[in-house]
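Here are a few notes to read alongside the structure. Take them one point at a time, and find each residue in the viewer as you go.

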Amino acid sequence: MKEVLKAVMQKNQSSDELIFEAKFPYSYAVILMLCPFLQGLLDAFADRIFFHFSSHLRSGLAGLIFNKMLKLNITSQSNINTGSLLSLLSTDTNQIAQTFPELFHLIVLPIQIFVPFVFVVIDWGWSSFSMFGIFVGLIPFQAIVLPIMIHSIKGYLIHNDTRNKIINETLQGMRVVKLSGLENIFQKRIEAAREDMFPIKIMPTMGYITMMMMPLSTVTIVIQGTLTVFVSVDRMQAFLILPELKNEVITKPENKQIAVEVNNGSFVWGNPPEIPLSEKEKEEIEEEAEKRKKEAKKEKNKKKEDKNIQLETQTGSLTMVIGTVGSGKSSIGSALIGDIEKQSGEIYMSGSIAYCPQTAWINNNTVRGNITFGRKYKKKKYNEVVHVCALEPDFKTLAAGDQTAIGEKGVNLSGGQKARIQLARAVYSDRDIYILDDPLSAVDAHVGRTLFEECIEGRFAVKRSNGLIHHNLLQHVMNAPNSFYDTTPMGRIHNRFTGDITIIDQKLYMVFLIVASIWIMLVGQIVVIAVDTLWFLAIGLPVLVFFFLLMMLSGRATRNLQRLEAISKSPVLSLFSETINGAGMMIVDNQIELQSRMTSLDRIRFYSSNLPQEVKRSNIDPIYPDNSWPDKGGIEFDNVTFRYRSGLPYVLKGVSFDLKGGEKIGVCGRTGAGKSSLLFALFRLIELDPKLQPTMIDVTTGFKIESDPNEEPNKGIVSIDGIDISKVDLSLLRRSIAIIPQDPTLFTGTLRYNLDIGDKCNDDRIWEVLGMVELKDAISQLPLGLDTQVAEGGSNFSAGQRQLICFGRAILNNCRIVVMDEATASVDVETDAKIQKTIREQFVDKTVIVIAHRLNTIMNNDRIMVMSDGRVVEIDTPLNLKQNQDSSFNGLIRSLGQNYE
């Protein structure tokens, strides 16, 4: 470059063109032009290697985390919430994988600094060391700044975990949140977690730091990325060293006639989950714990602990485990499958095990795929399993039979269908030992008898069987209709709150600064050159137009590839970026990177503006009832007919009935009869007025989903106290009805928070209600009482205890209308009877709808409504229905072979 510049200067000073042409160093000029081109090609080749390595690294880290999760013991599982796991899988793995190639730049960084510096020294001598002194003088400044950056990055990741955890449990429990009218409360909770987040407090500071260190931008970016990697590695290391389940070798019993034997077995669940608390909260909890320790010492001699479990089951036998709520029934099964650590004793088992947990686990697959579960499909065997699990009638009602796709967590199946599909999976697996945790609680009496006789006693007879968020995004997601959650994979929603928000928080701001600075430098260079050499504009402007067109063409492809990358986490975008880098066009490359980062913002904007939204009330003659509504609690269904979505069959067909205020009515019927579907109309999860139905969209394309014009629309009217509920504010309606759902849903926080989410009651009232639901003794024995922390999903309470907590929450809501959807399915018969007594005593003036499979649960209600195939078959008093020998209700009684007096 020096020789070329000398020749150009001599040309300006000399008038002899021939001498200039002879002496001009053309070879140097050619080399000077080829060097940037070769640099671009070599950089692209290196980037290709780095990005491929980065892709493999990310996949390997994700696999490592997943495998570790499967090996965690129960204590570790309690202390790792879904929010932390999502952060590890999305934020930390991506950060390590994307930044790791930058570490290689540190290797060549000294060469890039000192080789040019040597030439500067050659030209300018010792005076050039003054510049080097300035460079070295900046090192202490960086030493001050780096700890601030590390603290900022750690703070962001911790808050990211908290935010992801709250968002995840809110999305998972969205149906309960909507049924209870708690959208605003949970939206405020998420926004409160966001207030202390990285974008508001930390991001501006890091932006200022970046601007101050812009002269050393390359070093700064690499160092910042390296620090982030160190933080992510520390977080991942902390996760990977968590205690794992002990893989103890299970030996066979000496007696071949014994299938399972436990000698002096003692098992523990481990420590309670560790939940982050403020210092004030810790002090309050410690004071409460000290009080309870003193009380516990007084009662110590009165308590009896069950240890040294002795269990022996014969090969081919059927063993029933019974007990009250929280007595440890489910813990026996967990101990046998190794989910609870053994403290002492010996376990002997002969053969393979199939386990059906109390809460049915359903995979996002077809019905057949859930039953075969990766095993080879054998038609004869499959049909036998379907028959003994009483699934044949369900296949006839499902839209595509056993090829019907099941949504996440089985959202489009009833509780009974989920339980039987899980049971069918266990039967199809053809194991030696079957552990079934409350397999009949979610099915009606007739189906339960069929399952017990043909499956448990029949089929198993030959076995050894045993019984980040932006307000608009958050608001639109919270207000989306229930059908959106039924049809949209939860992972797609999580991507908006994890990957996209993280990119906006961490990447978009800095990329914008870089692009802006490059544009300013480019325009400045063009102006400076054009002042001295005006004809340069004839070349420069067309080149800029060409770059702009190339940027537009490449940008569109990049944005689409970014969307694919966000879904599949593939390295497509990285490969595309390396192609752009190969051209050596810095401005195009950075501009396209900015556009690709903007894709995350665009995905969030789409969810923030285009998602279908629930309509609050009808605009035709809207009604604004006073605060006392409903004061009687009368409910009327008038010819209610609806389907869940266009193209699906009707679930309710011309349903009409009238409930008087304060009446207690039991709803029963076979599995899939439409009992729980009544709640969709009552809570307006499905709109009966076609004008109020949200316009659904295809979230992958953004296009509206058009309904079949020839399809019969939903119809009917639901009224409460004579008022059409479609004309009442949706939130007011849902807050006026207390719901105890079929699947009990708890949220992280204290037990007090889960019982009284709205913070309306004092502790005395809460303890009084706990006594009503038979939980006072169990909770009072906990060291922290009402301050006991509830783990994610309520995993530190049994299924029965979770349902009782939800029952207590409904009582504390003090609503005029109470709905119980299989609310006592997971509790023992004695506790169920006590709860029914509580309902009769505490809900004297309230309207209560009890949906139940257990007939004894509803025998004392004022009236009983029997449903079948989406229709009301009969509705009358229990006495009249029992006296009518031809009634459907009597048919259900006879299917049990028992008498109900």
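1. Start with the crossing of α29 and α31, which is right-handed. Please keep in mind that this is a predicted model. Helix α29 covers residues 763–772 and helix α31 covers residues 799–813. Their axes lie 9 Å apart, at an angle of about 130 degrees. That angle makes α29 oblique to α31.

2. Which residues of α29 and α31 meet? From α29 come R765, I766, V769 and M772, and they meet G808, I811 and L812 of α31. Sorted by class, the residues of this contact are five nonpolar, one polar and one charged.

3. Now follow α31 to its other partner here, helix α32 (residues 829–842). The two pack with their axes 13 Å apart, at an angle of about 5 degrees. Because angles under 35 degrees count as roughly parallel, α31 is roughly parallel to α32. On the α31 side the contact uses L804, F807 and I811, and on the α32 side T831, I835, T838 and I839. This contact has five nonpolar residues, two polar ones and no charged ones. Do look for I811, which is in the contact with α29 and also in the contact with α32.

4. Finally, turn to N890, in helix α35 (residues 888–896). Is N890 buried or exposed? Its relative accessibility is 7%, so N890 counts as buried. A polar atom of the N890 side chain lies 2.6 Å from the backbone oxygen of N884. Beyond its neighbours within four places in sequence, N890 is in contact with L881, K882, Q883, N884 and Q885.

Notes:
Residues are numbered from 1 along each chain as its sequence is written. This is a predicted model: local features need pLDDT of at least 70, side-chain atom pairs count only at pLDDT 80 or more; totals for chains, interfaces and linings use all residues. Side-chain values use heavy atoms; hydrogens and water are left out. Axes are lines fitted to C-alpha atoms, for helices over the stretch in contact, and angles run from 0 to 180 degrees between N-to-C directions. Helices (H or I, at least four residues) and strands (E, at least two) are DSSP runs, numbered from the N terminus. Angles under 35 degrees count as roughly parallel, over 145 as roughly antiparallel, 65 to 115 as roughly perpendicular and the rest as oblique. A crossing is left-handed if the near helix is turned anticlockwise from the far one by less than a right angle, and right-handed if clockwise. Contact means heavy atoms within 4.5 Å. Ala, Val, Leu, Ile, Met, Phe, Trp, Tyr, Cys and Pro count as nonpolar, Asp, Glu, Lys and Arg as charged, and the others, Gly among them, as polar. Buried means under 20% relative accessible area, exposed over 50%, partly exposed in between (1.4 Å probe, protein chains only). A polar contact is a pair of N or O atoms within 3.5 Å; within protein, one must be able to donate a hydrogen and the other to accept it, and residues adjacent in sequence count only if both atoms are side-chain atoms.
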